[in-house]
Amino acid sequence: MPLDVIALVLFGALLHATWNALVKAGSEKSLDAAMIALGAAVVAMPFLPFLPLPQPEAWPYILVSALFQFAYFQLVAASYRAGDIGLVYPLMRGVAPLIVASTSSLIIGEQLTTGAMAGVLTISVGVLTLAFESRKGGKHAIVFALLNACVIACYTFVDGIGARVSGNAISYTLWMALLPPVLLFTWAFARRGVKPVARHVYKNWWRGLIGGAGSIGAYGLALWAMTKAPVASVAALRETSILFAVVISVVFLKERVSVWRIAAACVIALGALLLKLA
């Protein structure tokens, strides 16, 4: 994996950790997740006239991805309502690349080298290590997190292939961002009513705009990287976002640094090195 690809994927991981922290800190996690999806669409729209349309064969992937993204944002909110971020985030982000790595040869015929597989597994072990430090959360949080890991693996494959056949990964990402907020807010309006939802959006619009920019930026960088490197390797390297989440929790939330976090940071760094050397 080239150094510039690694650097951009790591920057995307920082953006991903930031918008997840915004959802976790919010008072209405389902609506905050929907707002971040809406913010991503708002950020995407001004750029669409300047980019080519995705190739026709990419549109089915965009539609299927929207359904997975709807499920993803719903499960993110449910997971953060049910448990501690120290348990939920590592499980969501750590199990997904294991699923991708173990099934990529069957689904997309992509064979990893021994070194790349070692990097994938090492990063996954590192992020899962952080789950041991959590003393909060329970059965429901674990179930939601594992379900979302499966969803993440599914849209990783869908979008990895879709970006490749689209002819332009950035264009694919921006068009893909438009439909999920429609689904999310239709669901929110049906369940909670228009006025409560509109009131929350009016008071917290900045959260959605900042988080949305981070969300689409993070995923756009990842999809671009998937056109330059194996999907499973990129998916695993993205999970270094947990390191940035740890830094955010310590610097901004004043949380303690545990032995588990230090151990996980070292393991994840080793996994990133293995990917670079593969």
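In this tour, a residue is called buried under 20% relative accessible area, exposed over 50% and partly exposed in between, with a 1.4 Å probe and protein chains only. The model is predicted: local features need pLDDT of at least 70, side-chain atom pairs count only at pLDDT 80 or more, and totals for chains, interfaces and linings use all residues. Residues are numbered from 1 along each chain as its sequence is written, and side-chain values use heavy atoms, with hydrogens and water left out.

First, select V42, which lies in helix α2; helices are DSSP runs of H or I of at least four residues, numbered from the N terminus. V42 is partly exposed because its relative accessibility is 39%.

Then display α3 (residues 59-82) and α4 (residues 85-107), whose axes come within 9 Å and cross at roughly 150°. The two helices are therefore roughly antiparallel, a term for angles over 145 degrees. Select Y72, V76, S79 and Y80 in α3; these meet I85, V88, Y89, M92 and R93 in α4.

Finally, move to S124 in helix α5 (residues 114-129). S124 counts as buried because its relative accessibility is 1%. Neighbours within four places in sequence aside, S124 is in contact (heavy atoms within 4.5 Å) with G94, P97 and L98.

Key: Axes fitted to C-alpha atoms, helices over the stretch in contact; angles between N-to-C directions. Parallel < 35°, antiparallel > 145°, perpendicular 65-115°, else oblique.
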